[in-house]
Amino acid sequence: MSDEPAGAVYRIEDLAHHSGATVRTIRAYQDRGLLPRPERRGRANVYADAHLARLRQIADLLDRGYTLASIKELLEAWDTGRGLGGILGLVAEVDGPWTDERAVRISRAELDERFGGRPDDAAVADAVELGVLERMPGSEDSFLVPSPQELSVAAELYAAGVPLSAISGHLRELRVKVEHIASRFLEFTTEHVFARYLGEHPPTDAEAAEAASLVRRLRPLAQQTVDAELARAMRLFATRQLREHFGPEQPPEQREETCPMELPVTTTRAVERLVGTEQVAAFVAAAAERELQARTLDRLATNHAASTMIDETP
(Lines give C-alpha, C1' and ligand atoms only; values in the text may rest on other atoms or scores of the structure.)
Protein backbone atom coordinates (compact mmCIF):
# COMPACT_ATOMS: atom_id res chain seq x y z
CA MET A 1 0.00 0.00 0.00
CA SER A 2 1.37 3.35 -0.96
CA ASP A 3 1.68 6.10 1.60
CA GLU A 4 0.94 8.75 -1.02
CA PRO A 5 -2.47 10.37 -0.59
CA ALA A 6 -4.72 10.00 -3.61
CA GLY A 7 -8.11 11.57 -4.14
CA ALA A 8 -9.72 12.84 -0.96
CA VAL A 9 -7.56 14.03 1.92
CA TYR A 10 -8.63 13.51 5.53
CA ARG A 11 -7.58 14.72 8.91
CA ILE A 12 -7.55 11.99 11.52
CA GLU A 13 -10.89 13.17 12.92
CA ASP A 14 -12.43 13.02 9.44
CA LEU A 15 -10.97 9.58 8.84
CA ALA A 16 -12.48 8.38 12.12
CA HIS A 17 -15.87 9.78 11.16
CA HIS A 18 -15.95 8.12 7.72
CA SER A 19 -14.53 4.77 8.86
CA GLY A 20 -16.42 4.35 12.12
CA ALA A 21 -13.17 3.80 14.03
CA THR A 22 -12.08 6.03 16.87
CA VAL A 23 -9.03 8.30 16.69
CA ARG A 24 -7.43 6.17 19.37
CA THR A 25 -8.04 2.99 17.35
CA ILE A 26 -6.53 4.53 14.21
CA ARG A 27 -3.36 5.46 16.09
CA ALA A 28 -3.21 1.98 17.62
CA TYR A 29 -3.42 0.42 14.16
CA GLN A 30 -0.57 2.66 13.02
CA ASP A 31 1.57 1.61 15.98
CA ARG A 32 0.94 -2.09 15.23
CA GLY A 33 1.77 -1.72 11.55
CA LEU A 34 -1.75 -2.39 10.35
CA LEU A 35 -2.21 1.10 8.93
CA PRO A 36 0.50 3.11 7.13
CA ARG A 37 1.58 6.41 8.63
CA PRO A 38 -0.09 9.54 7.28
CA GLU A 39 1.65 12.05 5.07
CA ARG A 40 3.03 15.09 6.80
CA ARG A 41 1.92 18.39 5.25
CA GLY A 42 3.25 21.36 7.14
CA ARG A 43 2.08 20.92 10.69
CA ALA A 44 -0.76 18.54 9.80
CA ASN A 45 -0.96 14.82 9.17
CA VAL A 46 -3.22 13.87 6.28
CA TYR A 47 -4.74 10.57 5.27
CA ALA A 48 -5.96 9.34 1.89
CA ASP A 49 -8.73 7.11 0.49
CA ALA A 50 -6.32 4.19 0.72
CA HIS A 51 -6.23 4.61 4.51
CA LEU A 52 -10.03 4.63 4.63
CA ALA A 53 -10.20 1.48 2.50
CA ARG A 54 -7.67 -0.25 4.76
CA LEU A 55 -9.67 0.65 7.90
CA ARG A 56 -12.83 -0.79 6.37
CA GLN A 57 -10.93 -3.92 5.37
CA ILE A 58 -9.67 -4.37 8.93
CA ALA A 59 -13.18 -3.88 10.34
CA ASP A 60 -14.57 -6.49 7.94
CA LEU A 61 -11.93 -9.06 8.90
CA LEU A 62 -12.53 -8.39 12.59
CA ASP A 63 -16.23 -9.03 12.06
CA ARG A 64 -15.34 -12.37 10.49
CA GLY A 65 -13.50 -13.41 13.64
CA TYR A 66 -9.85 -12.76 12.72
CA THR A 67 -7.45 -11.50 15.36
CA LEU A 68 -5.36 -8.39 14.79
CA ALA A 69 -2.24 -10.56 14.51
CA SER A 70 -3.85 -12.66 11.77
CA ILE A 71 -5.13 -9.56 10.03
CA LYS A 72 -1.63 -8.11 9.99
CA GLU A 73 -0.30 -11.24 8.25
CA LEU A 74 -3.14 -11.18 5.74
CA LEU A 75 -2.56 -7.53 4.92
CA GLU A 76 1.17 -8.06 4.62
CA ALA A 77 0.45 -10.90 2.18
CA TRP A 78 -1.80 -8.56 0.25
CA ASP A 79 0.81 -5.79 0.20
CA THR A 80 3.56 -8.13 -1.02
CA GLY A 81 1.41 -9.40 -3.87
CA ARG A 82 0.52 -12.81 -2.47
CA GLY A 83 -3.15 -11.87 -2.48
CA LEU A 84 -6.14 -12.88 -0.42
CA GLY A 85 -7.86 -14.87 -3.14
CA GLY A 86 -8.01 -18.13 -1.20
CA ILE A 87 -9.19 -16.52 2.02
CA LEU A 88 -11.80 -14.40 0.28
CA GLY A 89 -12.99 -17.48 -1.63
CA LEU A 90 -13.43 -19.36 1.63
CA VAL A 91 -15.26 -16.42 3.18
CA ALA A 92 -17.55 -16.20 0.15
CA GLU A 93 -18.29 -19.93 0.39
CA VAL A 94 -19.24 -19.71 4.06
CA ASP A 95 -21.21 -16.47 3.64
CA GLY A 96 -23.06 -17.74 0.58
CA PRO A 97 -26.59 -19.16 0.64
CA TRP A 98 -27.03 -22.48 2.46
CA THR A 99 -30.26 -23.30 0.68
CA ASP A 100 -31.55 -23.44 -2.88
CA GLU A 101 -34.61 -21.38 -1.93
CA ARG A 102 -35.04 -17.97 -3.52
CA ALA A 103 -36.59 -15.13 -1.55
CA VAL A 104 -39.85 -13.79 -2.99
CA ARG A 105 -41.93 -10.68 -2.47
CA ILE A 106 -45.50 -10.79 -1.20
CA SER A 107 -48.04 -8.02 -0.73
CA ARG A 108 -50.07 -7.58 2.41
CA ALA A 109 -53.24 -8.42 0.48
CA GLU A 110 -51.71 -11.71 -0.77
CA LEU A 111 -50.52 -12.51 2.73
CA ASP A 112 -53.96 -11.93 4.26
CA GLU A 113 -55.55 -14.09 1.56
CA ARG A 114 -53.21 -17.01 2.28
CA PHE A 115 -54.17 -16.91 5.95
CA GLY A 116 -57.92 -16.91 5.82
CA GLY A 117 -58.52 -13.44 4.43
CA ARG A 118 -58.52 -11.83 7.86
CA PRO A 119 -55.93 -9.09 8.51
CA ASP A 120 -53.94 -9.89 11.66
CA ASP A 121 -51.44 -7.17 12.52
CA ALA A 122 -50.19 -9.01 15.62
CA ALA A 123 -49.42 -12.14 13.61
CA VAL A 124 -47.61 -10.11 10.94
CA ALA A 125 -45.51 -8.35 13.60
CA ASP A 126 -44.68 -11.76 15.09
CA ALA A 127 -43.62 -13.07 11.68
CA VAL A 128 -41.40 -10.02 11.12
CA GLU A 129 -39.78 -10.51 14.53
CA LEU A 130 -39.06 -14.15 13.70
CA GLY A 131 -37.64 -13.23 10.28
CA VAL A 132 -40.31 -15.18 8.40
CA LEU A 133 -41.21 -11.84 6.81
CA GLU A 134 -38.99 -8.81 6.16
CA ARG A 135 -40.45 -5.38 5.57
CA MET A 136 -39.50 -3.82 2.26
CA PRO A 137 -37.91 -0.37 2.68
CA GLY A 138 -40.30 2.43 1.86
CA SER A 139 -43.36 0.16 1.64
CA GLU A 140 -45.72 -0.80 4.45
CA ASP A 141 -47.75 -3.19 2.29
CA SER A 142 -44.96 -5.28 0.81
CA PHE A 143 -42.74 -7.93 2.39
CA LEU A 144 -39.78 -10.10 1.46
CA VAL A 145 -40.16 -13.82 2.25
CA PRO A 146 -36.65 -15.30 2.79
CA SER A 147 -38.04 -18.86 2.90
CA PRO A 148 -41.22 -19.39 0.83
CA GLN A 149 -41.23 -23.00 2.01
CA GLU A 150 -41.42 -21.95 5.66
CA LEU A 151 -44.31 -19.59 4.92
CA SER A 152 -46.11 -22.38 3.02
CA VAL A 153 -45.79 -24.70 6.00
CA ALA A 154 -47.32 -22.05 8.24
CA ALA A 155 -50.19 -21.55 5.78
CA GLU A 156 -50.90 -25.31 5.65
CA LEU A 157 -50.88 -25.60 9.43
CA TYR A 158 -53.23 -22.64 9.70
CA ALA A 159 -55.57 -24.19 7.13
CA ALA A 160 -55.54 -27.38 9.20
CA GLY A 161 -56.79 -25.45 12.21
CA VAL A 162 -53.61 -24.46 14.07
CA PRO A 163 -53.79 -20.89 15.47
CA LEU A 164 -51.13 -18.47 14.25
CA SER A 165 -49.96 -17.85 17.83
CA ALA A 166 -49.37 -21.59 18.27
CA ILE A 167 -47.44 -21.74 14.98
CA SER A 168 -45.19 -18.87 16.10
CA GLY A 169 -44.59 -20.47 19.48
CA HIS A 170 -43.74 -23.79 17.87
CA LEU A 171 -41.30 -22.10 15.48
CA ARG A 172 -39.52 -20.39 18.39
CA GLU A 173 -39.18 -23.71 20.20
CA LEU A 174 -38.05 -25.49 17.05
CA ARG A 175 -35.51 -22.80 16.21
CA VAL A 176 -33.75 -23.20 19.57
CA LYS A 177 -33.35 -26.93 18.99
CA VAL A 178 -32.25 -26.53 15.36
CA GLU A 179 -29.67 -23.89 16.28
CA HIS A 180 -28.29 -26.30 18.88
CA ILE A 181 -28.02 -29.02 16.21
CA ALA A 182 -26.26 -26.61 13.83
CA SER A 183 -23.86 -25.53 16.55
CA ARG A 184 -22.99 -29.12 17.43
CA PHE A 185 -22.48 -30.03 13.74
CA LEU A 186 -20.10 -27.09 13.31
CA GLU A 187 -18.18 -28.06 16.45
CA PHE A 188 -17.97 -31.63 15.18
CA THR A 189 -16.71 -30.71 11.69
CA THR A 190 -14.36 -28.06 13.06
CA GLU A 191 -12.75 -30.56 15.42
CA HIS A 192 -12.38 -33.37 12.89
CA VAL A 193 -12.11 -31.59 9.53
CA PHE A 194 -11.25 -27.89 9.70
CA ALA A 195 -8.94 -27.76 12.72
CA ARG A 196 -5.86 -28.04 10.50
CA TYR A 197 -6.79 -24.78 8.76
CA LEU A 198 -7.31 -22.82 11.98
CA GLY A 199 -3.80 -22.50 13.38
CA GLU A 200 -2.05 -19.38 14.59
CA HIS A 201 -1.18 -18.37 11.02
CA PRO A 202 -3.71 -17.75 8.25
CA PRO A 203 -4.00 -20.59 5.73
CA THR A 204 -2.23 -20.30 2.41
CA ASP A 205 -4.24 -19.74 -0.76
CA ALA A 206 -4.07 -23.47 -1.51
CA GLU A 207 -5.21 -24.41 2.01
CA ALA A 208 -8.05 -21.87 1.92
CA ALA A 209 -9.19 -23.17 -1.48
CA GLU A 210 -9.11 -26.72 -0.10
CA ALA A 211 -11.17 -25.64 2.93
CA ALA A 212 -13.68 -23.90 0.66
CA SER A 213 -14.06 -27.11 -1.35
CA LEU A 214 -14.71 -29.03 1.88
CA VAL A 215 -17.37 -26.51 2.88
CA ARG A 216 -19.13 -27.11 -0.45
CA ARG A 217 -19.00 -30.88 0.06
CA LEU A 218 -20.05 -30.90 3.71
CA ARG A 219 -22.68 -28.16 3.51
CA PRO A 220 -25.58 -30.47 2.53
CA LEU A 221 -24.64 -33.21 5.02
CA ALA A 222 -26.20 -31.52 8.04
CA GLN A 223 -29.56 -31.14 6.32
CA GLN A 224 -29.44 -34.67 4.92
CA THR A 225 -28.70 -36.10 8.36
CA VAL A 226 -31.45 -34.06 10.02
CA ASP A 227 -33.93 -35.04 7.28
CA ALA A 228 -33.17 -38.75 7.72
CA GLU A 229 -33.30 -38.65 11.52
CA LEU A 230 -36.48 -36.55 11.52
CA ALA A 231 -38.17 -39.04 9.19
CA ARG A 232 -37.13 -41.93 11.44
CA ALA A 233 -38.33 -40.18 14.60
CA MET A 234 -41.63 -39.05 13.04
CA ARG A 235 -42.42 -42.58 11.94
CA LEU A 236 -41.55 -43.97 15.37
CA PHE A 237 -43.62 -41.50 17.39
CA ALA A 238 -46.51 -41.25 14.93
CA THR A 239 -46.89 -45.05 14.88
CA ARG A 240 -46.70 -45.20 18.66
CA GLN A 241 -49.33 -42.49 19.05
CA LEU A 242 -51.60 -44.19 16.52
CA ARG A 243 -51.43 -47.45 18.44
CA GLU A 244 -52.16 -45.70 21.72
CA HIS A 245 -55.31 -44.05 20.33
CA PHE A 246 -56.67 -46.65 17.90
CA GLY A 247 -55.00 -49.95 18.79
CA PRO A 248 -56.81 -52.77 20.70
CA GLU A 249 -56.90 -52.33 24.42
CA GLN A 250 -54.23 -54.34 26.11
CA PRO A 251 -54.95 -55.93 29.48
CA PRO A 252 -52.84 -54.51 32.29
CA GLU A 253 -49.60 -56.34 32.78
CA GLN A 254 -49.90 -59.01 35.42
CA ARG A 255 -47.04 -59.01 37.84
CA GLU A 256 -46.29 -62.23 39.63
CA GLU A 257 -46.61 -61.84 43.35
CA THR A 258 -43.65 -62.84 45.49
CA CYS A 259 -43.16 -63.53 49.14
CA PRO A 260 -39.98 -63.69 51.20
CA MET A 261 -38.69 -67.02 52.51
CA GLU A 262 -35.81 -68.14 54.68
CA LEU A 263 -33.21 -70.72 53.62
CA PRO A 264 -30.49 -72.32 55.71
CA VAL A 265 -27.17 -70.53 55.36
CA THR A 266 -25.45 -73.71 54.22
CA THR A 267 -28.03 -74.19 51.46
CA THR A 268 -27.70 -70.59 50.29
CA ARG A 269 -23.89 -70.81 50.17
CA ALA A 270 -24.01 -74.10 48.31
CA VAL A 271 -26.28 -72.58 45.68
CA GLU A 272 -24.03 -69.50 45.44
CA ARG A 273 -21.04 -71.69 44.70
CA LEU A 274 -23.06 -73.51 42.07
CA VAL A 275 -24.68 -70.65 40.16
CA GLY A 276 -23.33 -67.39 41.66
CA THR A 277 -24.82 -64.94 44.15
CA GLU A 278 -27.03 -63.09 41.65
CA GLN A 279 -28.71 -66.30 40.46
CA VAL A 280 -29.63 -67.81 43.86
CA ALA A 281 -33.27 -66.68 43.82
CA ALA A 282 -33.79 -67.80 40.23
CA PHE A 283 -32.19 -71.18 40.91
CA VAL A 284 -34.29 -71.82 44.01
CA ALA A 285 -37.46 -70.80 42.16
CA ALA A 286 -36.62 -73.07 39.23
CA ALA A 287 -35.77 -75.97 41.53
CA ALA A 288 -39.02 -75.55 43.44
CA GLU A 289 -40.99 -75.32 40.22
CA ARG A 290 -39.36 -78.48 38.90
CA GLU A 291 -40.14 -80.32 42.16
CA LEU A 292 -43.79 -79.21 41.96
CA GLN A 293 -44.02 -80.40 38.37
CA ALA A 294 -42.44 -83.73 39.27
CA ARG A 295 -44.91 -84.28 42.12
CA THR A 296 -47.81 -83.31 39.88
CA LEU A 297 -46.69 -85.89 37.32
CA ASP A 298 -46.28 -88.54 40.01
CA ARG A 299 -49.76 -87.79 41.37
CA LEU A 300 -51.33 -87.99 37.94
CA ALA A 301 -49.57 -91.27 37.21
CA THR A 302 -50.57 -92.72 40.58
CA ASN A 303 -54.20 -91.71 40.16
CA HIS A 304 -54.26 -93.23 36.69
CA ALA A 305 -52.74 -96.50 37.95
CA ALA A 306 -55.21 -96.72 40.83
CA SER A 307 -58.11 -96.08 38.50
CA THR A 308 -56.91 -98.83 36.19
CA MET A 309 -56.65 -101.33 39.03
CA ILE A 310 -60.22 -100.59 40.14
CA ASP A 311 -61.54 -101.04 36.64
CA GLU A 312 -59.80 -104.42 36.32
CA THR A 313 -61.19 -105.78 39.63
CA PRO A 314 -63.64 -108.66 38.89
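I looked up the handedness of the crossing between H9 and H10 in this predicted model, and I found it to be right-handed. On the H9 side I listed Ile181, Phe185, Thr189, Val193 and Phe194 as making the contact, and on the H10 side Ala211, Leu214, Val215, Leu218, Leu221, Ala222 and Val226. Sorting the residues of this contact by class, I noted 11 nonpolar, one polar and no charged residues.

For the geometry, I read that H9 spans residues 164-194 and H10 residues 205-246, and that they pack at an angle of about 140 degrees with their axes 11 Å apart.

I then turned to the pair H1 (residues 12-19) and H2 (residues 23-31), which pack at an angle of about 100 degrees with their axes 9 Å apart. That angle makes H1 roughly perpendicular to H2. Their contact is made by Ile12, Glu13, Leu15, Ala16 and Ser19 of H1 together with Val23, Ile26 and Arg27 of H2, and by class I wrote down five nonpolar, one polar and two charged residues.

Last, I noted the totals for the chain. I recorded 12 helices and six strands, and of the 314 residues 24% count as buried. The accessible surface comes to about 23,200 Å², of which 55% belongs to carbon and sulfur atoms. Among contacts between residues at least 6 apart in sequence, I noted that 57% join residues at least 24 apart.

Methods. Residues are numbered from 1 along each chain as its sequence is written. This is a predicted model: local features need pLDDT of at least 70, side-chain atom pairs count only at pLDDT 80 or more; totals for chains, interfaces and linings use all residues. Side-chain values use heavy atoms; hydrogens and water are left out. Axes are lines fitted to C-alpha atoms, for helices over the stretch in contact, and angles run from 0 to 180 degrees between N-to-C directions. Helices (H or I, at least four residues) and strands (E, at least two) are DSSP runs, numbered from the N terminus. A crossing is left-handed if the near helix is turned anticlockwise from the far one by less than a right angle, and right-handed if clockwise. Contact means heavy atoms within 4.5 Å. Ala, Val, Leu, Ile, Met, Phe, Trp, Tyr, Cys and Pro count as nonpolar, Asp, Glu, Lys and Arg as charged, and the others, Gly among them, as polar. Buried means under 20% relative accessible area, exposed over 50%, partly exposed in between (1.4 Å probe, protein chains only). Accessible areas come from the Shrake-Rupley method with a 1.4 Å probe; for residues, only the protein chains shown count as cover. Angles under 35 degrees count as roughly parallel, over 145 as roughly antiparallel, 65 to 115 as roughly perpendicular and the rest as oblique.
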